[in-house]
Amino acid sequence: MAKSPVSGFPGHVIANEEGKAELSWKDRFAALRNLPAFFRMIWQASPGLFLGNAAVRLVRAAMPALTLYIGKLIIDEVVQLSKQAGSGTDWLWTLVAAEFGLAVLSTALGRLTSLIDGLLGDLVTNRTSVRLMEHAATLDLEQFEDATFYDKLERARRQTTGRSFLLSGVFGQVQELISVGFLAAGLAVYNPWLLVLLLLAVIPAFIGDNYFNQKSYSLSRSWTPERRELDYLRFVGASDETAKEVKIFGLSNFLINRFRDLSGQYYRKNQSLSIRRAAWGTVLTIVGTVGYYGAYVWIVARAMNGSISIGDLTFLAGSFRQLRGSMEGILLQFSSLTQEAVYLQDLFDFFEIKPLIHSPEKSLLFPQKIQQGFVFENVGFKYTNSDRWALRNLSFNLTPGEKLALVGENGAGKTTLVKLLARLYDPAEGRILLDGHDLRDYDLLDLRRNISVIFQDYVRFKMSAGVNIAVGDIDARTNQSRIENSAERSLADTVIAKLPGGYEQQLGRSFGKGVELSGGEWQKVALGRAYMRDADVLILDEPTAALDARAEYEVFQRFSRLTEGKTAVIISHRFSTVRMADRILVLENGRLLEIGSHQELLEKEGRYAELFQLQARGYQ
Ligand SMILES: Nc1ncnc2c1ncn2[C@@H]1O[C@H](COP(=O)(O)OP(=O)(O)OP(=O)(O)O)[C@@H](O)[C@H]1O
C-alpha cells in the first residue's frame with residue numbers, strides 16, 4: 001500500500017481539512033503558542049529592527065496618559081489663574097510647551113513605528129518565502145500530487161505575504177496593553193468602579209466581533225479548494241500558455257461561467273456574513289456607547305458638586321474615552337490576531353511536513369562504475385488516492401551499459417517505472433536493487449545526481465537558452481563550453497544559433513524580449529540537459545516525440561555513440577527508435593508482458609510484433 005504522504009503530521013489546531021472547522025476559544029488560545037515562534041522569525045529577520053521597534057513602542061505607550069495628565073494640569077492652572085489675577089504664568093506656558101513637545105514626538109514616533117513595521121514585514125516575508133521554497137524542495141513528488149497537501153501548501157504560501165499585519169498587530173497590541181495600564185491606573189485612583197463600567201462598555205462588541213471572525217475564518221478555510229480552483233480558472237482564462245486552445249476551442253465562456261458561478265457562490269456566502277456582522281456590530285457598539293455615557297454622567301455630576309476639579313473632569317473623561325478605544329482595539333485585535341495566529345499554524349504545519357523518501361542514516365554512495373546493474377524484484381506501485389496498481393509484479397534486470405526501451409500503450413506504466421528507478425517514488429511492493437543493494441540504501445541526492453532523466457513533460461523554463469540546458473547540472477551553469485558541448489550533442493546548437501541573443505536569449509514570452517521555440521526546438525534544448533549531466537544512467541521519456549524524422553534519426557545516431565558504456569532507458573512510441581535498443585520491455589496495464597531484443601520479440605509474434613507491424617503498415 002502506498003502510504004498517504006500527509007497522514008501522521010503533527011496535530012492541527014483545526015479540526016479537519018474539509019472545512020467544517022470552527023475556531024473555539026481553546027483553539028484561539030492554543031494558537032497563541034505560535035507567537036513565540038513567530039517572534040523568533042522576526043528576531044532572526046533583524047534583531048536591530050526588532051529591538052528598535054520594541055523601544056519606540058514602549059515610549060509611545062506612555063504618551064496618551066502623560067498627554068491627558070498634562071492637559072488636566074493646564075486646565076487646573078488656567079482655572080486657578082482666572083481666580084487669582086496677577087499671578088505668574090510661567091508654569092502654565094511650560095506645561096503648554098511640554099504638551100506641544102509630546103504631540104510632536106508622538107507624530108514622529110508614529111511614523112517611525114510604521115517605517116520599522118514595514119521594513120521588518122518585508123524582511124520576514126522574504127525570509128519566509130525562501131524557507132517555504134527550501135522546504136518544498138525537500139518534499140516528495142507524491143506529496144505534491146496530493147490535493148490535501150496542495151491546499152496546505154496554498155495556505156502556507158498565503159502566509160508568506162501579509163505577515164506585516166500580524167507583526168504590527170502583535171507589537172501594537174503589546175503597546176496598547178502598556179498604554180491601557182497607565183490610563184487604567186489613573187482612572188482607578190479616582191474610582192475603581194469606572195473600570196468595571198468600562199469593561200461593560202467594551203465586552204459586548206468584542207463577543208460579537210469574535211463570533212463573526214470565527215464564522216469568516218471557517219468560511220474562508222472551507223473554501224480553500226474552491227479558491228485554488230478560482231486561481232486556476234483565472235490563470236487558464238488569461239494566460240499565454242493557454243490562450244491558443246482557449247481560442248480554438250472557444251473555451252472562454254465555459255471558463256468565465258465556471259468562474260462566475262464559483263466566485264458568485266463565495267460572494268453570496270460572504271455577503272450574508274458581512275451584512276449580519278455589520279448589523280450586529282452597530283447594535284453592540286450602541287450598547288457600548290450607553291456604558292460610556294453612564295460613566296460620563298457620573299464624572300460630570302462629581303465635577304458639578306465640586307468633588308473633582310475641572311481638570312480632573314477633562315482627564316477622567318479623556319482617559320475613559322481613550323481607554324474605551326484602546327480596550328476595544330485590544331479585544332477586537334485579539335480575535336483577529338488569534339485568527340492570524342491560527343493561520344500561522346498552517347505555515348508551521350507545512351514546515352513540519354516531512355518527506356517520506358529520504359536517505360537512510362548510513363547511506364551508500366552511487367557506485368563509481370555500475371557492476372551488476374539494476375534488478376526489479378516483484379515491484380508494485382500504486383499512486384496515492386488511486387486504487388489501481390500502476391505497476392505490479394514487475395521483475396526484470398537492467399545490465400550495466402544496456403539500452404532498454406520501454407514500450408506499451410498509454411497508461412501502461414512506463415513513466416511510473418522510470419520514476420521508481422530515479423526514486424521519485426518508492427515501490428509499495430517488492431524492491432529495486434542496484435548492484436545488489438536496495439535503492440533505498442543509497443544516498444538520495446547522490447543517486448539522483450547519477451541518474452539523468454528527461455521527462456516527456458519536461459519544464460520549459462522561462463529563462464535563458466543557456467540556463468535551460470545548464471539545469472541538467474546547475475552548478476556548472478557558468479561552464480559555457482560544457483553547455484555548448486551538450487547543445488551540440490542534442491542538436492540544440494542549431495536552434496540556439498538562430499536566436500538573436502544566442503545562449504543568453506530569454507526563452508518563452510513571459511518576460512522581456514523572450515522568444516518562443518517550436519515543440520521540437522524545445523525538445524532539443526531539453527535533451528541537452530541529459531548530456532549536461534554526465535550521469536552513468538540516462539533515462540529519456542519520449543525524447544524524440546516532437547522531433548522531425550531527420551532530427552530523430554540524427555539524435556539517435558549520436559545517442560548510441562554518446563551513450564556508449566552508459567545504461568539507458570528510453571520510452572518511445574516510435575518503433576524506429578525502439579528497435580535500436582538492446583532489449584525491449586513491453587508493459588501492459590502495469591505488468592510485464594514481454595522482454596527481449598527486437599528480433600526475438602518479432603519472432604515471438606506477441607504483442608510487440610503486433611504493435612510493430614501495426615505501425616510499419618501505416619508507413620507502407
Ligand atoms: N501522478 C499520478 N497520480 C495518479 N495516477 C497516476 C499519476 N501518474 C500516472 N498515473 C496513472 O498510472 C498509470 C500509469 O501511468 P504512466 O504515466 O506510467 O503511463 P505511461 O505508460 O507512461 O503512459 P503514456 O504512454 O501515456 O505516457 C495510468 O493509469 C495513470 O493514470
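Select Val418. Val418 counts as buried because it has 20 C-beta neighbours inside 10 Å (the cut-offs: buried at 20 or more other C-beta atoms within 10 Å, exposed at 12 or fewer, partly exposed in between, with C-beta atoms placed from the backbone). The model is a predicted one: local features need pLDDT of at least 70, side-chain atom pairs count only at pLDDT 80 or more, and totals for chains, interfaces and linings use all residues. Residue numbers start from 1 along each chain as its sequence is written.

Now colour the helix around Val418. Val418 sits in helix H13, residues 414–421 (helices are DSSP runs of H or I, at least four residues, numbered from the N terminus).

Next, show the contacts of Val418. Leaving out residues up to four places away in sequence, Val418 touches Val453, Ile539, Asp541, Val569 and Ile571 (contact: C-beta atoms, placed from the backbone, within 7 Å). Draw a distance from Val418 to Ile539: 7.3 Å, C-alpha to C-alpha, across 121 residues of sequence.

The largest nonpolar core has 69 residues, and Leu406, Ile539 and Ile584 touch the most other members (a nonpolar core is a set of buried Ala, Val, Leu, Ile, Met, Phe, Trp, Tyr and Cys residues joined through C-beta atoms within 7 Å). Select 519–532: this is helix H18, which gives the most to this core, seven residues. The core lies between domain 2 and domain 3, because both give residues to it. Apart from it lies another core of 22 residues, including Ala31, Ala45, Phe350 and Ile353.

Colour by domain. The assignment gives domain 1 (25–352), domain 2 (357–450 + 535–620) and domain 3 (459–528); the bounds come from an automatic or database domain assignment. The C-alpha centres of domain 2 and domain 3 lie 26 Å apart. Their contact takes nine residues from domain 2 and six residues from domain 3. On the domain 2 side, six are nonpolar, none polar and three charged (nonpolar: Ala, Val, Leu, Ile, Met, Phe, Trp, Tyr, Cys and Pro; charged: Asp, Glu, Lys and Arg; polar: the others, Gly among them).

Residues 193–212 are 100% helix and 0% strand, with end C-alpha atoms 30 Å apart. Residues 278–299 are also 100% helix and 0% strand, with end C-alpha atoms 31 Å apart.

How values were computed. Helices (H or I, at least four residues) and strands (E, at least two) are DSSP runs, numbered from the N terminus. Two residues are in contact if their C-beta atoms, placed from the backbone, lie within 7 Å.
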